[in-house]
Amino acid sequence: MDEVRERNSHEPEFLQAVQEVAETVIPYIATQKIYDGKNILLRMVEPERAITFRVPWVDDQGEIRVNRGYRIQMNSAIGPYKGGLRFHPTVTMSVLKFLAFEQVFKNSLTTLPMGGGKGGADFDPKGKSDSEIMRFCHSFMAELFRYIGPNTDVPAGDIGVGSKEIGYLYGMYRKIRNEFTGVLTGKGLSWGGSLIRPEATGYGTVYFAENMLKTQKKSFENKIVSISGSGNVAQYAAEKAIQLGAKVVTLSDSSGYIYDEEGITEEKLAHVMQLKNVEKSRISAYIAKYSSAKFVAGKTPWKVACDIAMPCATQNELNGDDAKELIKNGCICVSEGANMPSTPEAILAFHKAKILFAPGKASNAGGVATSGLEMTQNSLRFNWPREEVNEKLKQIMSDIHSSCLAYGTEEDGYVNYVKGANIAGFVKVADAMLAQGVI
Ligand code: NDP
């Protein structure tokens, strides 16, 4: 870790992600002779390639703007690089390297042949017109196209990159390359997309939690669920939790959270989707229609009592104090929809209290897994029906859960899902790297 810290001293998020993996994987490596002297983890923390590039575009006033674009190609030992694109003003090399590093383990866990990557730009889509977003996406792809391809690197969406942005990005790639291939996932249904892909991350997070709860003979039925975020992952996590009989009481965005004690029903969730996806409004607008709910400005929802918490907004949104509050209020299960939303102090508190805790690299892997299924359908030039994709997603989440049990069950029977996910994800990639020599 000293060497990694020295080399990446200005990258706190990346160091946080590496530290968390190192803590569980290094003791495992020490017990396995085949890794002796191979410096596998040290090789894994260095991206195979990290690209930054200029993204110039013209705003609606005719002003020329410049953003910075990135693509981190972290590891391709088990398949083409795969991972989303994030458009958000907080995007930096550190944030993308942490996401790309996590992605390597997550993709390995899915059992599908996908390496890990991540990319994006410090562009803020909020408040931009459709034409501005289109011009930005076109300019971004006019450079990114050099580094990606269906057998090289297959990006997808993430924060700030939804189906609209994927459409603009795909259009420019197709024009420049003059080929119609599965180079991006999260595509529209009529041009190569997969059913269930929009729902997959949120649904998968709930399916994973369902598997965890089953180990204690519990379920979502009648449980109080607190969710943060109100974007793609949060919306579909809420939808699935409601379908399974839970009462979802919170949603949030970067301005604060709403608390609806009576529960967010399917009808209320449809209104949230209209507000966030169509009207591009804030979550606070919810209380204008549902006066029984309240909006708490500038806060995260973790002080609200719940049985199950699902952080689905962004990294480090749930800290040690939040974790203690959740535990004190009776929370029995935390399933991360976002990437690294819990701080190291929060994870420590969950482990100390021995509650069910799933790290995002396991519990939110349903999104990339279904992206993998989209790639397969593109290669087959065939679309599977909705129920078939959903069943495959459920099976993959259950398999990931089993891998976590295999590597994460401790002597007293408590399952450390962080350890389980890290080691299970590591083994497949490390063994492929060993087989391929020093590359
Ligand atoms: P969206 O852009 O659809 O939604 C993001 C949500 O998080 C919004 O409600 C947003 O609020 C909130 N948010 C973003 N940044 C912050 C912040 N700094 N503080 C508080 N709230 C914030 O993104 P997704 O739902 O796709 O992604 C959410 C998380 O899930 C991310 O961590 C992402 O990496 C992860 N993820 C996503 C996958 C996918 O398939 N989409 C797959 C696996 C993981 P606001 O509107 O105010 O910005």
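Buried area is the accessible area (1.4 Å probe) that two parts lose on being put together, summed over both. With that in hand, let's look at this predicted model, where local features need pLDDT of at least 70, side-chain atom pairs count only at pLDDT 80 or more, and totals for chains, interfaces and linings use all residues. Residues are numbered from 1 along each chain as its sequence is written, and side-chain values use heavy atoms, leaving out hydrogens and water.

**The two domains**
- The protein splits into domain 1 (47–189) and domain 2 (200–358), with bounds taken from an automatic or database domain assignment.
- Eleven residues of domain 1 and eight residues of domain 2 make the contact (heavy atoms within 4.5 Å).
- Together the two domains bury about 620 Å², and 44% of that is on carbon and sulfur atoms.
- Taken over C-alpha atoms, the domain centres are 27 Å apart.

**Where the ligand sits**
- Both domain 1 and domain 2 give residues to the shell around the ligand, so the ligand lies between them.
- There are 25 residues around the ligand, and D158, T201, S254, R282 and N339 come nearest (a residue is near if one of its heavy atoms lies within 4 Å).

- V233 uses a polar backbone atom instead, 3.0 Å from an oxygen atom of the ligand.

Note on methods. Polar contact = N/O pair within 3.5 Å; in protein donor to acceptor, adjacent residues only side chain to side chain.
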